[in-house]
Amino acid sequence: MQHTNLSLVASLVSDDSRGAMMTVLLDGRFHTATELALAANITPQTASFHLTKMVEAHLVAVEKQGRHRYYGIVDSDVANVLESLLAIAPPKEIHSFNQATEDHALRFARTCYDHLAGHVGVQLMESLLQNQFIFETENGFSITDKGERFFSDFQVNLEELRKKRRSFSHKCLDWSERRPHLAGALGHALLERFYQLHWIERLPRSRALNITPLGKTGFRETFSMDVLAEKNKN
């Protein structure tokens with residue numbers, strides 16, 4: 001039997017300040033302690049203390065550039081666990097218009113570490129299934145022959161993705177939709193392709209994503225998704 005310190009990890013992510021910082025880090029980017037302190041409404045010194053604890057527990061990685069330190073989630077496995085915890089956690093009360101606007105944006109489209117999540121992420125996965133580009137397996141998804149041709153035409157290099165030392169494609173439970181979206185190397189490659197095509201843009205100081213006019217057309221023509229109509233319904 002493998003012995004792991006589960007209580008240590010649970011105690012780290014259960015703290016409100018650490019939980020707030022980890023949620024910010026789900027955008028897949030690296031942040032300074034000052035940025036994370038602002039998001040968690042604590043002092044930079046307190047944020048540094050918490051971050052040291054999370055680095056020691058191998059939940060957070062740190063990169064040094066000169067005198068500066070930048071923090072990010074260690075890997076996709078940690079991100080998937082955090083997203084799953086958010087799916088079963090009770091929602092926070094919303095007390096302002098700004099909070100309501102941010103909540104709406106996150107629920108519509110956001111990054112979950114390095115792949116697409118939210119309403120658009122779930123709709124994308126369902127479109128891939130309906131178009132028979134992928135099919136469900138016990139552990140996640142596999143690609144059909146039709147999907148092999150589609151991803152090649154969409155300039156996603158499946159051969160390179162399969163060489164990566166990570167899950168190729170798996171389900172990640174979406175906290176806002178309560179349904180899975182596509183994660184793994186394939187989910188990451190699709191998000192990167194959407195950035196390249198300028199279908200999706202990052203929003204400043206948020207992991208919410210904006211669908212551009214090019215994206216509205218691209219998702220409709222390629223995946224039969226009317227994403228902005230869906231946004232207005234939420």
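When I say polar contact today, I mean a pair of N or O atoms within 3.5 Å, where, inside the protein, one must be able to donate a hydrogen and the other to accept it. And residues adjacent in sequence count only if both atoms are side-chain atoms. Keep in mind as we go that this is a predicted model.

So, with that definition in hand, let's start at Thr-46. Its side chain makes a polar contact with the side chain of Thr-43, at 2.8 Å. Thr-46 itself sits in helix H4, and at 32% relative accessibility it counts as partly exposed. There's also a distance to look at here: Thr-46 and Ala-33 are 13 residues apart in sequence, and from C-alpha to C-alpha they are 9.1 Å apart in space.

Ala-33 brings us to helix H3, residues 33-40. How do H3 and H4 pack? The angle is about 105°, and the axes are 8 Å apart. The two helices are therefore roughly perpendicular to each other, since anything from 65 to 115 degrees counts that way. On the H3 side of the contact you have Ala-33, Thr-34, Leu-36 and Ala-37, and they meet Pro-44, Ala-47, Ser-48 and Leu-51 in H4. By class, that contact comes out as six nonpolar, two polar and no charged residues.

Now turn to the other helix I want to set against H4. Helix H2, residues 16-25, packs with H4, residues 44-56, at an angle of about 75°, and the axes here are 10 Å apart. That makes H2 roughly perpendicular to H4. Who's touching whom? From H2 we have Ser-17, Arg-18, Met-21 and Met-22, and from H4 we have Ala-47, His-50, Leu-51 and Met-54. The classes in this contact are five nonpolar, two polar and one charged.

Is H2 largely enclosed or largely open? Seven of its ten residues are buried, so the rest of the structure largely encloses it. The buried ones are Ser-17, Arg-18, Gly-19, Ala-20, Met-21, Met-22 and Leu-25. Look at the start of the helix too: a side-chain oxygen of Asp-15 comes to within 3.0 Å of the backbone nitrogen of Ser-17. Setting aside residues up to four places away in sequence, Ser-17 touches Ala-40, Ile-42 and His-50.

As a general point, nonpolar side chains in soluble globular proteins tend to be buried together. In this model, the largest nonpolar core has 34 residues, and the members that touch the most others are Leu-128, Phe-151, Leu-186, Leu-190, Phe-194, Ile-200 and Phe-223. Several elements give two or more residues to that core, among them helix H7 (118-130), helix H8 (145-153) and helix H11 (213-223). Which element gives the most? That's H10, with seven residues.

Beyond its neighbours within four places in sequence, Phe-223 is in contact with Leu-124, Ser-127, Leu-128, Asn-131, Phe-150, Phe-154, Phe-194, Trp-199 and Gly-218. And there's a second, separate core of 23 residues, which includes Leu-12, Leu-26, Tyr-71 and Ile-73.

Last stop, the loops. Between strand E3 (110-112) and strand E4 (115-117) there's a loop that holds Asp-114. Is Asp-114 buried or exposed? It counts as buried, at 11% relative accessibility. Leaving out neighbours within four places in sequence, Asp-114 is in contact with Arg-166, Gly-187, His-188 and Leu-191.

Tyr-113 lies in that loop between E3 and E4 as well. Its phi is near 65°, which is a positive value in a residue other than glycine. Tyr-113 is buried too, with a relative accessible area of 17%.

His-198 also has a positive phi, near 60°, and again the residue is not glycine. You'll find His-198 in the loop between H10 and strand E9 (200-202). With a relative accessible area of 51%, His-198 is exposed.

That's the tour, thanks everyone.

Conventions:
Residues are numbered from 1 along each chain as its sequence is written. This is a predicted model: local features need pLDDT of at least 70, side-chain atom pairs count only at pLDDT 80 or more; totals for chains, interfaces and linings use all residues. Side-chain values use heavy atoms; hydrogens and water are left out. Axes are lines fitted to C-alpha atoms, for helices over the stretch in contact, and angles run from 0 to 180 degrees between N-to-C directions. Helices (H or I, at least four residues) and strands (E, at least two) are DSSP runs, numbered from the N terminus. Angles under 35 degrees count as roughly parallel, over 145 as roughly antiparallel, 65 to 115 as roughly perpendicular and the rest as oblique. Contact means heavy atoms within 4.5 Å. Ala, Val, Leu, Ile, Met, Phe, Trp, Tyr, Cys and Pro count as nonpolar, Asp, Glu, Lys and Arg as charged, and the others, Gly among them, as polar. A nonpolar core is a set of buried Ala, Val, Leu, Ile, Met, Phe, Trp, Tyr and Cys residues joined through side-chain atoms within 4.5 Å. Buried means under 20% relative accessible area, exposed over 50%, partly exposed in between (1.4 Å probe, protein chains only).
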